[in-house]
Amino acid sequence: MSEFKELVFSGVQPTGNLHLGNYLGALQKFVALQESHECIYCVVDLHSLTATLVHDDLAEQTRSITAAFLASGIDPRKHIVFNQSQVMQHAELAWIFNCVARIGWMNRMTQFKDKAGKDRENASLGLLAYPSLMAADILVYRATHVPVGDDQKQHLELTRDVAQKFNNDFSGRIAELGCGVEMEVGEEKVNGFFPLTEPLIEGPVTRVMSLRDGSKKMSKSDPSDLSRINLTDDADAISRKIKKAKTDPEALPSEVAGLEGRPEAQNLVGIYSALAGVSRADVLADFGGRQFSDFKPALAELAVEKLSPIAGEMRRISADPAYIDGVLRDGALRAREKAETTMKTVREIIGLIGG
Ligand code: AMP
Ligand code: TRP
């Protein structure tokens with residue numbers, strides 16, 4: 001039996017402006033993977049309803065994330081770019097996964113705990129079931145690889161758990177229909193319908209930290225705009241934020257081990273390394289022994305060089321919403337066809353009547 005065909009899937013929520021963390025943790029990897037893989041990139045609008053149902057600018061936000069995808073260099077003709085709600089098979093499979101996954105799995109998710117806060121009883125049911133829809137996003141294409149930032153690791157583990165339980169619960173039907181693919185699970189060889197998806201998290205910075213506090217991740221929701229570099233920031237704003245970034249008083253170390261216990265230095269060196277496409281050791285070979293007052297202008301210059309063209313391209317693309325909607329419509333058409341192929345078999349495996 002053949003192996004699962006390698007396929008990359010990832011999603012970004014249309015909430016708030018994208019920042020450097022999203023760029024280095026996600027977009028930059030999305031772009032690189034296009035060379036080696038077939039890729040599907042999705043603006044997950046249904047996910048954005050889980051925390052707040054009513055948005056006054058959902059459509060604009062969806063277009064803005066799409067513009068960021070395109071401006072970063074994602075090619076919507078060679079690959080697929082679309083918004084989640086246009087392919088209803090995601091929601092259909094999510095319902096089935098709601099019946100596969102256990103409430104206990106969902107209750108353990110740190111993102112749920114963080115977002116629900118103290119009053120968990122009052123969180124939306126959608127917020128609790130969020131990872132089930134995320135598993136459906138991925139598995140409706142039987143995607144094998146998912147580039148994400150470090151914060152999504154737990155959700156990817158849950159996606160594997162859902163796939164494994166489905167494969168196991170329906171192993172008899174899968175064998176009967178001959179729709180499984182042989183794969184290794186630990187020592188065992190099993191025949192499963194869904195792949196056990198691998199997260200692609202590695203890179204010089206798996207978690208970009210706040211510029212104001214090296215112990216907090218860079219985030220859309222941080223009240224201080226100085227904590228993050230937005231993809232839409234102009235050159236002045238980028239330089240100012242880097243200049244004001246928190247640091248410690250020591251010079252930069254000459255070796256990577258010397259970054260240990262220095263979160264702000266680690267973060268800025270990681271950002272430099274990811275933007276320049278060189279290792280942290282190479283960055284420190286150049287800057288070891290130098291003060292932050294030397295390093296920060298170099299980092300600011302690099303960040304402006306890499307990010308300004310993206311901001312310019314985003315502005316250009318955003319000026320033509322009809323074009324963006326056309327990209328999403330075309331992507332959805334192609335995605336729907338793939339998703340429906342999977343769902344036909346899923347319905348058959350489960351015993352739901354219909355085509
Ligand atoms: P979000 O904006 O939270 O929907 O995240 C979109 C993508 O960016 C996901 O793959 C996240 O893992 C990634 N991401 C968000 N914040 C960061 C960060 N500070 N560092 C690295 N990756 C991040
Ligand atoms: N949960 C992801 C985030 O907050 C977004 C997301 C939804 C996603 N579905 C996905 C990421 C599928 C990767 C694959 O960033």
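Select N22 and ligand 1 to begin: a polar side-chain atom of N22 lies 3.1 Å from an oxygen atom of ligand 1, a polar contact (a pair of N or O atoms within 3.5 Å). The model is predicted, with local features requiring pLDDT of at least 70, side-chain atom pairs pLDDT 80 or more, and totals for chains, interfaces and linings using all residues. Residues are numbered from 1 along each chain as its sequence is written, chains are lettered from A and ligands numbered from 1 in the order in which they are written, and side-chain values use heavy atoms, with hydrogens and water left out.

Next, select G149, where a backbone N or O atom lies 2.8 Å from an oxygen atom of ligand 1. Then select D151: an N or O atom in its side chain is 2.4 Å from an oxygen atom of ligand 1. The protein covers 90% of the 480 Å² of accessible area that ligand 1 has on its own (Shrake-Rupley method, 1.4 Å probe).

Now move to ligand 2. Select Y130, which has a polar side-chain atom 2.6 Å from a nitrogen atom of ligand 2. In the side chain of D137, an N or O atom is 2.7 Å from a nitrogen atom of ligand 2. For Q152, the corresponding distance from a side-chain N or O atom to a nitrogen atom of ligand 2 is 3.0 Å. Taken alone, ligand 2 exposes 360 Å², of which the protein buries 89%.

Finally, display α6 (125–139), a helix (a DSSP run of H or I, at least four residues). This helix, α6, gives the largest share of the shell around ligand 2, four residues (a residue is near if one of its heavy atoms lies within 4 Å).

Methods
A polar contact is a pair of N or O atoms within 3.5 Å; within protein, one must be able to donate a hydrogen and the other to accept it, and residues adjacent in sequence count only if both atoms are side-chain atoms. Helices (H or I, at least four residues) and strands (E, at least two) are DSSP runs, numbered from the N terminus.
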